[in-house]
Amino acid sequence: MGSSNASGDISADMEIDAFRRLFPVQFYERHFVKSLRPDARTLNSARDTSVALGAVSSANGSALVKIGCTTMLAAIKMEIMTPSTESPDEGNLAIEFHMPPICSPLVRPGRPADAAPVISKQLADTILSAGMINLKELCLVSGKAAWMAYLDICCLDADGALFDAALLSAVAAFSSLRIPVVSLNDEGRVFISEEMEEGKSKREPVNKEQRKLTLSNIPFSLTCVLHKNYILADPNAEEESIIETSVTVVLNSSGQLVSLYKPGGPVLAYTAAIQDCVALTKQRVQELQIILNEAISDMEVD
Amino acid sequence: MSSRAGTTPSTYSPSTQKKKPQKPTFNDSNGVRSDGRGFYQCRPAYLKTGAVSAAGGSAYAEFGNTKVIVSVFGPRESKKAMMYSNVGRLNCSVSYTPFATQVRGQGSEHKEYSSVLHKALEGAILLESFPKTTVDVFALVMESGGSDLPVIISCASLALADAGIMMYDLVAAVSLSCVGPSLVIDPVLEEERWQDGSLMLTYMPCRSEVTQLAVNGEWTTPKIHEGMELCLDACKKLAGIMRSCLKEEADSPSIQ
Amino acid sequence: MEFVSPEGLRLDGRRPLEMRQLRAEIGAVSKADGSAVFEMGNTKVIAAVYGPREVENRAQQMNDQALVRCEYTMANFSTGDRVRKPKGDRRSTEISMVIRQTMEACIMTHLMPRSQIDIFVQVLQADGGTRSACINAATLALADAGIPMRDLVTSCSAGYLNTTPLLDLNYVEDSAGGPDVTVGYLPKLDKVTLLQMDSKLPLDTFESVMQLAIEGCKAVANYLREVLLENTKQLEYRRGS
Amino acid sequence: MEVDREDGRTATMLRPLACSRSVLNRAHGSASWSQGDTKVLAAVYGPKVGTKKTENPEKASIEVIWKPKTGQIGKLEREYEMILTRTLQSICILTINPNTTTSVIIQVVNDDGALLPCAINAACAALVDAGISLKHLAVAICCCLAETGCVILDPTKQEEQKMKASVYLVFPNSVLSVLQVSVTKIDEPMEHGIITSVTHGAMSVEDYFYCLKSGRAATAKLSNFLRSRLQNRLPSDLLGDT
Amino acid sequence: MVGLSVGETNFIRGGIAQDLRCDGRKRLSYRPIHIDTGVIPQANGSARVRIGGTDVIASVKAELGRPNSAQPGKGKVSIHIDCSATAAPIFQGKGGEALSTELAADLQRCLLGGKSGAGAGIDLSSLSIVEGKVCWDLYLDGLVVSSDGNMLDALGAAIKAALSNTGLPKVNVIAADATSSGDQPEVDVSDEEFLQFDTSAVPVIVTLTKVGKHYIVDATEEEESQMSSAMSISINRKGLICGLTKRGGAGVDPSIVLDMISVAKNVSENFINVLDSEIAAAEAREEE
């Protein structure tokens, strides 16, 4: 890459697009000096975020989340399993993050994206360690039957901050989750009881009141990228590809730090930077909480 | 912080206990289907281009509960190191999300649909306009609600148009089911489950060309004639909707 | 289990030193440059040879010799119980390699530099001795394709069960777990190019078993030669008419 | 604030360290690193011609292949691979050999807690052994937070499972340079900057910074050990050149 | 891939236009068909069909299985096709997979009828033994040994021949009244009595390949390389259409589609008769 001086000299008589492609770092730095980003955001602000619940009717709970252009579709399907002997009164949670080839030019069919299993793992770690879900609530009959919640998150459009969007969609999908009312038959198999069927449902449903999960300590995250002394919140794909140091902070709604994730990167994070990131995340948590609550109340009105 | 992942136990999805699945009955006298449509009435279509910003072109289609996104990438370098070719390549792949179907699936590629999609679009694209390179058409079925394949095909042709790939014409696709004595167009999942036969037609209305036709089940010649007529008619209407969707997109001031 | 009855007969009625019925047919695949069907009793394989032709993968091209490739596949219905056989499992990769090495040794690869020869063998019915049958079929196919060879490489197996050396094991005898010696042999040069053995065998017995397999190879070679001569006559006749 | 540890260590005590270099003949560089019973072997091949997928005309690329002790590679291992790749990328001088790939192969010999930090230390030592140009060394440490709020360092597997939360941290080793490096505009010394941070479990923000502090304090020891091990073999004229 | 020069291309196309193809056939005539049955002894039924240079083998294997809960009164049939690398080098490794799955899907569509089983060539309810408990699972395996065009028709014919060669062992249910649900009833598979399979309803597949303005049947590989599109139509003895697929990207006018269907119908009558007599001859040869 050319030195910054060289680029400075020729930048005057260069098309903006060409300059952006050839000297991306310099292009971005010129914006940063003015506390701006190429997409007209300030350094610390996140993109527009929207949450729509119940997007998939074939699932028990689902949500469509957009952060800027990054789009995530999360859906939960509930299935029955026999709980493990170590924890007979607990259900289980399986979280999978998919990057189908539609989401990004970098993903080709047949070869899963490198990022997908990593984000999958991060999501599972975060959701379980945040203590958002009490697995005991997923139990139906102790030692016999419990719910296995399959949470699948599909990335529909990858434009940076995938983890943030995925986590938000996961949380939103859980808040839209309606557990079906089920009963047990003679063979110990669980089936969906249909209340409307002439009212004489022979068997008492096992989970009459347990239709929703109580979500406590909901985790929210914010990814920032670090470049020199600048901290950019909620990067898009272009910013992520140019600035390689990223810090993802996950805080839950009670203010606890669930994860501080900085996988390498050329910029070292000093205490001050970390504190700034945490502070930005705190603000973001409040924003996201409002957005999520609005989405939930919207759904309940319907 | 203990990792709960590991061996996932075997699970099953609780199904409704019914005595026996009932074949849907069609009241011939009034000709109304379970969702209130007439036999020859398609579901309302919602189409939108530019659904995926990362793609060269994309489209979203929603026909009732069937929801599909198609992204088009390219023309770009062929990933497979292949011989020189003076026409471009079309590469199609259809996949389902794990939650698209009633029973949770694997979310893997649907090979058969991929190949039909390829065959349906191939004839509409000017492959010689991008020699040596590949255009990738990737479809994701977010929710399966019946007539998935025709929706994918129509949506893909819209996405190709959005990506600016040269085409002779838009490809519109419609399927119909033969349930008992009656033909129902644009069937939903429940109707597809009980169909005695099916017919899917992909059509370029301006050129009046059938690019793909798949028939299954037992048909007499007059019935095939009737079915094709119905599909052709529906394709023409659908193509009109697709065209107006593209026009709207072009007229509206571009945000990007 | 008794594999040789007191009367000296094997399970399928053969004598210990008797081979199964051989049958060969040249030119079963119309589009191939050379092809052949080879049967040893119930084992039936088909081989097709394509080449010498341009090397597909430039990186594999060799400037001093031809590239020989081989693929061995089993049909779904080739064995008694129907199991889906994924292509490229360990067993078929190993057999592919064995066949390739055996054929490579007898093809005069240096005459065809910068080219590629593909040998495809397809097992239609498997009843023991598939790898021998494949080698024999491949030899015929190569000869049919007119590819220069040092000699007609032939192969035959021999085993040792119930203290009796047995020629040309069938599936039941093969799966008995006894020693099984497969030999690939160049009859004119009197050289062994392939020698494989499962299980263990005392050294002096081994020699007699191997000798038996070599005798089997010679018999196969005689038969192949006849088939090829017959085929050539046919070609000549057709050309003359 | 004292905790009882099964092996009798105090909270901030590390397990015995061991490091040997050039343990493999064929590899361009290799090292084995152990902390107590956790032992990792790292081998470096390269810089070599890159595959088409990883080739970058401007930068050398680094790939990490994680070989678990037993079984198949899963999501956890993929995550480790990614973290290692990005951590190593940040300490290597990538502009020297563009268009090349350097492979780092990590073989887990035994896992008794703090596996990822141990692997990072091993990889770093192996890179030095292979003569790959580095900006600085990196040292990794695992801090665990007990329910009581006290921090223990370098936990065993048993301890790791008992704890409420844990933090893996990677710090740079202080640069000993003849040239005056002028990058430190910040008032903190360079070795206070975090290269990598991975946390598990929920904790308060204060607890995290407390872990950070404890981790930093301990890395000095680790750095010294690493440096002393690497210096053993280095001809004296190369010293101070990193 | 067939590499043809411009001259060869013109020769093939010109021949087709003049109703005189390279091998002397007319547009709607077949190459000689040769059928052998019982070629795979360990299968329940098998057949080898050669049409010109195309050589395919089909085998039928029947196993006892459990019917699908959605269709308790029906057996199961699965079709699997393999393209052997012997037929063409491009089929080596996984190269033949795409074509194999496509052929299998087309055959499935043509032979098994609609989702409800209406119009199926193979009557699935005849495979049921005890409703909801035991049924026959038929595995139809096809192998393309040598290919010179028209593979789908050849495979369809081979499967038809293999099915008529199939004898399913008679099954006697011993303890059918096992009331305890979930238990599989005991069955006895006879090894003497065999039930012949009824194949009268199995359709034939006629592929019309469109070259230029004309359509031909039974195209060779060279002719197939010149096609703009092809229509495979499966027709049973009653003249009903049991399935239809189109190959090739180029579009065709709807009226041409209908014309092709009627042409295929005419051709099929003759083709069914030829196949039946060939199968009968093969069976007779096998008896000897």
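Biologist: Leaving aside its neighbours within four places in sequence, which residues is C:Ala47 in contact with?

Modeller: This is a predicted model, in which local features need pLDDT of at least 70 and side-chain atom pairs count only at pLDDT 80 or more, while totals for chains, interfaces and linings use all residues. Residues are numbered from 1 along each chain as its sequence is written, and chains are lettered from A, and ligands numbered from 1, in the order in which they are written. With contact taken as C-beta atoms, placed from the backbone, within 7 Å, and with neighbours within four places set aside, the partners of C:Ala47 are C:Ser35, C:Ala36, C:Ile119, C:Phe120, C:Val121, C:Cys134, C:Ala137, C:Ala138 and C:Ala141.

Biologist: Which chains share the most contacts among the 5 pairs of chains in contact?

Modeller: Some pairs can be set aside at once, since there is no contact between chain A and chain C, whose closest C-alpha atoms lie 18 Å apart. Chain D and chain E do not touch either, their nearest C-alpha atoms being 22 Å apart. Of the 5 pairs that are in contact, the one that shares the most contacts is chains A and B.

Biologist: How many nonpolar residues are on the side of chain A that touches chain B?

Modeller: The contact draws 43 residues from chain A and 37 residues from chain B. On the side of chain A, two or more residues each come from strand E3 (70-81), strand E4 (92-98), helix H4 (115-129), strand E6 (145-157) and strand E8 (190-192), where helices (H or I, at least four residues) and strands (E, at least two) are DSSP runs numbered from the N terminus. If Ala, Val, Leu, Ile, Met, Phe, Trp, Tyr, Cys and Pro count as nonpolar, Asp, Glu, Lys and Arg as charged, and the others, Gly among them, as polar, then this side has 7 charged residues, 9 polar and, as the number asked for, 27 nonpolar.

Biologist: Which residue of E1(B) stands opposite A:Ile80?

Modeller: Strands pair if DSSP finds at least two bridges between them, and E3(A) pairs with strand E1 (residues 11-12) of chain B in the antiparallel sense over 2 bridges. In E1(B), the residue opposite A:Ile80 is B:Tyr12.

Biologist: How many charged residues are on the side of chain A that touches chain D?

Modeller: Here 26 residues of chain A are in contact with 30 residues of chain D. At least two residues of the chain A side come from each of H4, strand E12 (257-261) and helix H7 (271-301) of chain A, and H4(A) supplies the largest share, 6 residues. By residue type this side divides into 14 nonpolar, 9 polar and, to end on the count requested, 3 charged.

Biologist: What percentage of the residues of chain B count as buried?

Modeller: Chain B has 4 helices and 10 strands, which run from the N terminus as β-β-β-β-β-α-β-α-β-β-α-β-β-α. Of its contacts with a separation of 6 or more, 67% join residues 24 or more positions apart. Among the 256 residues of chain B, the buried share is 52%.

Biologist: What percentage of the residues in chain A are buried?

Modeller: Chain A holds 7 helices and 12 strands. Of its contacts between residues at least 6 apart in sequence, 68% join residues at least 24 apart. The buried share of the 302 residues in chain A is 52%.

Biologist: Why does A:Val141 count as partly exposed?

Modeller: A:Val141 lies in strand E5 (residues 139-141) of chain A, and its C-alpha atom is separated by 38 Å from that of A:Tyr261, 120 residues apart along the chain. A:Val141 counts as partly exposed because the number of other C-beta atoms within 10 Å is 16.

Definitions and conventions. Contact = placed C-beta atoms within 7 Å. Buried ≥ 20, exposed ≤ 12 C-beta atoms within 10 Å, placed from the backbone.
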